[in-house]
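Hi,

Here is the structure I said I would pass on. Have a look at it first, and then read my notes below.

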Amino acid sequence: MPLRWAVDAAQRSVTYLATAIVMQAGEHDMAKVAFLGLGVMGYPMAGHLASAGHDVTVYNRTAQKAESWITQFGGKSAATPAQAATGADFVMACVGNDDDLRAVCIGENGAFATMKEGAVFVDHTTVSAKVTRELYGAAEKSGISFVDAPISGGQAGAENGVLSVMCGGDEAAYKKSEPVIDAYARVCRRIGDSGAGQMTKMCNQIAIAGLVQGLSEALHFAEKAGLDGRAVVEVISQGAAGSWQMQNRYETMIEDQFEHGFAVDWMRKDLGICLDTADETGASLPVTAIVDQFYKDVQNMGGNRWDTSSLIKRLRALG
């Protein structure tokens with residue numbers, strides 16, 4: 001018995017020591033962070049940063065959204081990107097497109113003007129590699145770092161803190177920002193120099209476009225053949241046809257529900273970037289080009305805000 005008590009006491013001591021070390025490490029690693037853009041992705045991402053103990057200041061074009069975030073997570077809000085970025089160690093952004101990103105970086109009241117020397121700007125927006133490299137150069141002239149870090153995983157991934165983050169930029173800046181990004185990432189990796197993160201996101205969207213069209217055709221074929229779509233997916237998802245899209249979208253596709261993810265408008269924006277970049281690099285993207293036009297058909301059906309799995313709705317409309 002005394003030996004067991006001694007072992008138990010030793011185990012408790014180790015546990016208390018480990019907890020103390022983790023708490024001290026957490027306190028040491030806490031950063032002053034600005035988060036620009038509180039959309040369906042940015043809102044929960046900024047929340048994970050606050051929950052991890054970082055000192056977070058948020059900015060959003062619609063101030064009411066920022067106030068709602070503060071009510072839920074604490075922290076502070078700022079009236080402009082420049083105000084939010086003042087004194088921050090890291091400035092994260094998740095906005096709409098190239099023009100939106102330029103505006104929050106180098107536009108009137110942009111963040112670059114007030115970021116302190118040595119701070120890191122981390123861009124989670126899906127934009128062109130061209131604007132990424134432009135802003136990387138502007139950041140360098142201002143004595144700050146710029147990491148392109150687009151994300152994949154959808155709204156659910158952002159809410160659950162399990163996003164895939166693909167990064168480009170200087171290795172030192174990436175290593176500095178990785179522990180902060182970890183608050184909402186399942187995997188985070190530097191792919192290469194500036195623009196490499198955005199190029200990787202393009203690969204992601206190219207792959208998704210083909211997968212969703214293939215899944216749509218498979219389910220549509222099953223319907224036309226009089227098969228039980230759920231039974232079909234239960235079998236084929238366990239083989240070579242299985243994918244994230246199949247696992248997470250087949251039920252809502254069968255039920256003709258398309259309010260569960262990334263909107264068609266945003267997908268077309270992303271695929272447009274892919275196709276423009278393919279022209280610049282000489283890559284051939286025939287399937288991507290076709291699926292982009294299929295999404296245009298969905299838009300013409302009024303499905304601008306439907307999620308990307310709505311490609312099956314186009315097939316159903318064809319008869």
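Let's start with a helix pair: Ile 208, Leu 211, Val 212, Leu 215, Ser 216 and Leu 219 of helix 9 meet Gln 245, Met 246, Tyr 250, Met 253 and Ile 254 of helix 11. Sorted by class, the residues of this contact are 9 nonpolar, 2 polar and no charged. Before going further, keep in mind that this is a predicted model.

If you want to find the two helices, helix 9 covers 196-224 and helix 11 covers 244-254. Their axes cross at roughly 45° and come within 11 Å, which makes helix 9 oblique to helix 11. The crossing of helix 9 over helix 11 is right-handed.

Both of these helices turn up again around helix 14, which spans residues 311-318. Buried residues there are Leu 311, Ile 312, Lys 313, Arg 314 and Leu 315. What covers them? The cover includes helix 9, helix 11 and helix 13. Just past the end of helix 14 sits Gly 319, with a positive phi of about 110°.

Helix 13 has a packing partner too. Helix 12 (residues 264-281) packs against helix 13 at an angle of about 150°, and the axes are 10 Å apart. The two helices are therefore roughly antiparallel to each other, and they make a left-handed crossing. On the helix 12 side, the contact is made by Val 264, Asp 265, Met 267, Arg 268, Leu 271 and Leu 275. Helix 13 brings Thr 288, Ala 289, Asp 292, Gln 293, Tyr 295, Lys 296, Val 298 and Gln 299. By class, that contact has 7 nonpolar, 3 polar and 4 charged residues.

Is Gln 299 buried or exposed? Its relative accessibility is 18%, so Gln 299 counts as buried, the cut-off being under 20%. Setting aside neighbours within four places in sequence, Gln 299 is in contact with Val 264, Asp 265, Arg 268 and Asn 304.

Next, another helix pair. Helix 2 and helix 3 (residues 63-73) pack at about 35°, with their axes 10 Å apart, and their crossing is right-handed. Here Tyr 43, Ala 46, Gly 47, Ala 50 and Ser 51 of helix 2 meet Lys 65, Ser 68, Trp 69, Gln 72 and Phe 73 of helix 3. That contact divides into 5 nonpolar, 4 polar and 1 charged residues.

Finally, the nonpolar cores. The largest one has 33 residues, and Phe 35, Met 92 and Val 165 have the most contacts inside it. Where does the largest share of this core come from? Helix 2 (residues 42-51) supplies that share, with 5 residues.

Not counting residues up to four places away in sequence, Met 92 touches Val 33, Ala 34, Phe 35, Leu 36, Val 122, His 124, Val 180, Ile 181 and Tyr 184. Apart from this core lies another, of 24 residues, including Leu 101, Phe 112, Leu 135 and Ile 144.

Over to you!

Conventions
Residues numbered from 1 in each chain as written. Predicted model: local features only at pLDDT ≥ 70, side-chain atom pairs only at ≥ 80, totals over all residues. Heavy atoms only, no water. Buried < 20%, exposed > 50% of the residue type's maximum accessible area, 1.4 Å probe, protein only. Contact = heavy atoms within 4.5 Å. Axes fitted to C-alpha atoms, helices over the stretch in contact; angles between N-to-C directions. Helix = DSSP H or I, 4+ residues; strand = E, 2+ residues; numbered from the N terminus. Parallel < 35°, antiparallel > 145°, perpendicular 65-115°, else oblique. Left-handed = near helix turned anticlockwise from the far one by under 90°. Nonpolar A, V, L, I, M, F, W, Y, C, P; charged D, E, K, R; others polar. Core = buried A, V, L, I, M, F, W, Y, C linked by side-chain atoms within 4.5 Å.
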